[in-house]
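Please read the points below beside the model.

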Amino acid sequence: MDMKDKRNLTIGILLNLLAVLLTSTLFLFYKVMIAEEINNDLNMENLMLFKDKKELTEKLEAQKKQEATE
């Protein structure tokens, strides 16, 4: 192996490592973004359910008060 072959081998190895690093970084970024989106959706759904629960609790309390006065 002469000096040019070693240099080409080194460049090839570095390019492959760079490609693996870039692919891994993009994959992890994608996974984080998907997880963040799912988390936001679940938080929104949780807030909506809490609001519905609060409204139903208020209606139930009003209904109990009305029945108690009758």
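The points below take up the overall form, then the surface.

1. The model is predicted: local features need pLDDT of at least 70, side-chain atom pairs count only at pLDDT 80 or more, and totals for chains, interfaces and linings use all residues. Residues are numbered from 1 along each chain as its sequence is written, and side-chain values use heavy atoms, without hydrogens and water.

2. The protein has one helix and zero strands; helices (H or I, at least four residues) and strands (E, at least two) are DSSP runs, numbered from the N terminus. Both L14 and E61 lie in helix α1, which covers residues 3–69.

3. Along the principal axes, the C-alpha atoms fill a box of roughly 100 × 10 × 5 Å. The radius of gyration is 30 Å, whereas a compact globule of 70 residues would have one near 11 Å; the radius is taken over C-alpha atoms, and the globule rule is 2.2 Å times the number of residues to the power 0.38.

4. Of the 70 residues, 0% count as buried. Buried means under 20% relative accessible area, exposed over 50%, and partly exposed in between (1.4 Å probe, protein chains only). L14 counts as exposed because its relative accessibility is 53%, and E61 is partly exposed because its relative accessible area is 45%.
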